[in-house]
Each structure stands twice: as C-alpha cells, then as structure tokens.
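The following exercises are to be worked from the sequence and the coordinates. Each task is followed by a stepwise solution.

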Amino acid sequence: MIFVAVGTQMPFDRLIRAIDSWADSRGENDVFAQCGDTGYTAKRIRMQSFLSPQEFTRCVESADLIVSHAGMGTIITALEKGKPILVMPRRACLGEHRNEHQLGTARNFAPSNSIEVAFDEQELIAKMDRLVCGRESRSPISCDANPSLIKTIQDFIFQ
Amino acid sequence: MGRLRPALSGASVAFVSTNPDHEADVQDGRFYAVRDASLSSKLGLVAMTLQLFRIVLKERPQYVISTGAAPGYIAIRLARLLFKARTIWVDSIANVDQLSTSGQKIGKHADLWLTQWPHLANDNGPNYVGAVV
C-alpha cells in the first residue's frame, strides 16, 4: 500500500492531484490518502480527510511507501517505522502554508539519503516511478531523541 | 515530545495536547486537551489561555517543557508567573530557517532555551545540544 498524508492543518491538493494522476496512469490501485478538507474528487486513489494519531501510525506501519508534505511529524514517524518516505514541501507562495519552513525542511533533508525529496510535481512523479520499482526496506531509527538533548533536559530537571 | 520522554522518566508528568486523540498515547502521566489557537485568532487565544490557566492551577508544575507553539508559550508564561516554574523550550525541528514566532518570543521566559538546528543557535539566543532525530 502507498500511504499519502498531508497533515492536519490545510489540504494540499497539488500533492493529492499529482499522486492521483500518477496512480491513474500507472494503474496503481492500492493508494490511500489522508487529504484534509479538500474539494478534490479522486479518479483512482482512496481518500479520507483526517485520521486519528493511532490510525495514522497504523497506516504508516502497513505502507510500503509513504508520500507526504514535508511535515516533521510524518517524517519522524516514517523513520521510526523504517519506511521509505518521499516528501514534497508545501509552498507559502502558492498559499499552501503560512511560511516557507517546509521548503527549509526539504532543502535540509535533500542531500541526506534518509528520505526522498521532490520539490515539484514533475520530480514527484519521476521519484514515484523509481521508488515503486525498488521498494527497499530500511532499518528503523531509535524512538528517542539525540542522547545529548535528552541528557541536557534531564540534568536541568533532576540536578 | 514523545521522543523526549526518556528525559522525563522518574518525574510525575502531565501532558497537554491540542489533539484529544493523543490521550491514548499517554500511559505514564495525566492528559489534558486544549483547543488549538494561534495569533491569527484572538478569541481562540483567550479561550485556550483560560483552559491552560485551569490546568496550571490544578497541576502546579515545577517544570514546564514545550516544543511549541502558542499553547506551549502560554503554558510556560502562566506556570512561571503563578508558580515560579522552571521552563524549557525546545523549538520544533520544523523551524529550519528561523525560530518559530513563539520560539523567538519565549526567549526571556525560558530557563533552558533550545533550537534543534546548530545554525540558529547563538550567544544571545537559543542553544543547540542536539535534535529529536
């Protein structure tokens, strides 16, 4: 299953539309999208506006590939579960968010190979084709924050 | 915040979230939900502040830790004012290019003021000691 997520705040139809046309042209039927409050009617993918945190985690767990906006919540969950994730940043200049912080997240992650980044729909489609061919498994990251961050907070509270 | 839990082990913890569904994720503490609000909704902020005021009065926290945004900012201000709580701000990792609005404003009210990006740390601003991933 390919799980698509746009987060809890605003819809992100540019992502949903691109994935839906990709799925339609490739004949991919097993795509489930959490799409927010959207007026968009899907051609092929299954959609639901919102999921509870628990449903969201289950979807990530059962997905072979996660495609999402560049939100840190989704990125962290995918990394924790060892799932490949492809993100496309929301753009404030297109009215998709309040500011361009998702572009910052995407730029920061683009050079690493822990996640895949697409900056526009064209790149998204190209990367979808490549990722779906070679769905490799990844080793999950630890469920805890960086040890020095944990220790700093611990020392602050308990000493 | 889930990824910072090991830092809180051994403490009596009350969690506050804007999503009531997160109650199911909390096994090791008390849970409260408040409404979500930001600077764009003054009325929402007032209602959320009242909710946080009741929670802070009931819990009387010695420490408050938050990763943002408006609810965390208000909780820190209230707990510091009412109970002289010591306060920790860990600015969200989503803020790569600049601190969040609440993360900038909280500076003088946070005893431990952290960013998760080394390039956002400076002598008069937040420290960097690591990130949640």
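**Exercise 1.** By about how many helical turns are A:K127 and A:E123 separated in helix 5 of chain A?

*Solution.* Before starting, note that this is a predicted model, in which local features need pLDDT of at least 70 and side-chain atom pairs pLDDT 80 or more, while totals for chains, interfaces and linings use all residues. Residues are numbered from 1 along each chain as its sequence is written, chains are lettered from A, and side-chain values use heavy atoms, without hydrogens and water.

Step 1. Helices are DSSP runs of H or I with at least four residues, strands are runs of E with at least two, and both are numbered from the N terminus.
Step 2. Because A:K127 and A:E123 are four residues apart in helix 5 (residues 121-133) of chain A, about one helical turn separates them.
Step 3. Their side chains meet in a salt bridge at 3.9 Å, N to O; the term requires a side-chain nitrogen of Lys or Arg within 4 Å of a carboxyl oxygen of Asp or Glu.
Step 4. A:K127 and A:E123 also belong to a network of salt bridges with A:E116 and A:R130.

**Exercise 2.** Determine which parts of chain A are tied together by the salt bridge between A:R14 and A:E96.

*Solution.*
Step 1. The closest N and O atoms of the pair are 2.7 Å apart.
Step 2. A:R14 lies in helix 1 (residues 13-26) and A:E96 in the loop between strand 5 (85-88) and helix 4 (101-109), so the bridge ties together parts that are 82 residues apart in sequence.
Step 3. Buried means under 20% relative accessible area, exposed over 50%, and partly exposed in between (1.4 Å probe, protein chains only). A:R14 is buried at 14%, and A:E96 is buried at 9%.

**Exercise 3.** Compare the radius of gyration of chain A with the value for a compact globule.

*Solution.*
Step 1. The radius is taken over C-alpha atoms, and the globule rule is 2.2 Å times the number of residues to the power 0.38.
Step 2. For 159 residues a compact globule would have a radius near 15 Å; chain A has 16 Å, which agrees.
Step 3. Along its principal axes, the C-alpha trace of chain A spans about 60 × 35 × 30 Å.
Step 4. Of the 159 residues in chain A, 49% are buried.

**Exercise 4.** State which elements chain A contains and in what order.

*Solution.*
Step 1. Chain A has six helices and six strands.
Step 2. Along the sequence they follow the pattern β-α-β-β-α-β-α-β-α-β-α-α.
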